[in-house]
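Here are some worked exercises to go through with the model open beside you. Try each task before you read its solution.

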Amino acid sequence: MAFELDNIRKNVISCTRCELSKTRTNAVPGVGSVETGIVFIGEAPGRNEDIQGAPFVGTAGKILSEALEYAGFVREDVYITNVVKCRPPNNRRPNKQELESCAIYLQKELENIQPKIICVLGNTAFGSLLGGNEITKNRGKIIRRNAQLYFVTLHPAAIIYNPDLRQILKEDLKTLHGILDKIKKGMEIEINE
Ligand code: SF4
């Protein structure tokens, strides 16, 4: 599994499948451990991520780290990635063509990791993975699609613009930690969709 993830990583780093390869500094493959059985999926790298070649290392990354710690997760023990692996110019939303070009990498990451649950961070990941929208109305939901469980919550970057959401993200991740615990113990969980 580690070998395969390493291969995906190498392919992402040298990828030229879409126009974002022309403007990026670094492609940003997923990082972390697969042992906890959970994958966090955001939108796309931002400026700091593009410079460092790692996901969630800027302000939004700090907010995510805080929320993970509050919830009882160890950041290094979870896997963190994005639906699109290169930074869109000026942090605009990735377009349809970019999302489609990059989907193969996330698909391969998930095939290899086989997470017990996927945490969907924000509207872009929600739309891309589950066809959803209106994250503020749908956050906190557990969704099952094709035998895969998803938990939907806010993107940490949303907290930068609206600090009132910080506690909501933290509590959502705490709920998620409890859900993962139940899944691991074989206990029943309530699926919303
Ligand atoms: S965004 Fe994805 S598909 Fe486009 S160049 Fe980067 S890694 Fe390749």
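**Exercise 1: the sheet**

Solution: Strands here are DSSP runs of E with at least two residues, helices are runs of H or I with at least four, and both are numbered from the N terminus. Two strands count as paired if DSSP finds at least two bridges between them. This is a predicted model, where local features need pLDDT of at least 70 and side-chain atom pairs count only at pLDDT 80 or more, while totals for chains, interfaces and linings use all residues. Residue numbers start from 1 along each chain as its sequence is written.

Now zoom out: the open sheet has six strands in the order 1-3-2-4-6-5, with mixed pairing. Strand 1 (31-32) and strand 5 (142-145) are the edge strands, each pairing on one side only.

**Exercise 2: two packed helices**

Task: How do helix 1 (residues 2-13) and helix 5 (residues 96-113) pack, and at what angle?

Solution: Start with the geometry. The angle between helix 1 and helix 5 is about 170°, and their axes are 10 Å apart. Axes are lines fitted to C-alpha atoms, for helices over the stretch in contact, and angles run from 0 to 180 degrees between N-to-C directions. The two helices, helix 1 and helix 5, are therefore roughly antiparallel (angles over 145 degrees).

Then list the residues: Glu-4, Leu-5, Ile-8 and Val-12 of helix 1 meet Tyr-105, Lys-108, Glu-109 and Asn-112 of helix 5. Contact requires C-beta atoms, placed from the backbone, within 7 Å. The residues of this contact divide into four nonpolar, one polar and three charged. Nonpolar covers Ala, Val, Leu, Ile, Met, Phe, Trp, Tyr, Cys and Pro; charged covers Asp, Glu, Lys and Arg; the others, Gly among them, are polar.

**Exercise 3: around the ligand**

Task: Which residues come nearest to the ligand, and which helix gives the most to its shell?

Solution: Of the 14 residues around the ligand, Cys-15, Cys-18, Ser-21, Cys-86 and Cys-102 come nearest. A residue is near if its C-beta atom, placed from the backbone, lies within 6 Å. Helix 5 gives the most to the shell, with three residues. By class, the shell has eight nonpolar, three polar and three charged residues.

Methods
Parallel < 35°, antiparallel > 145°, perpendicular 65-115°, else oblique. Contact = placed C-beta atoms within 7 Å.
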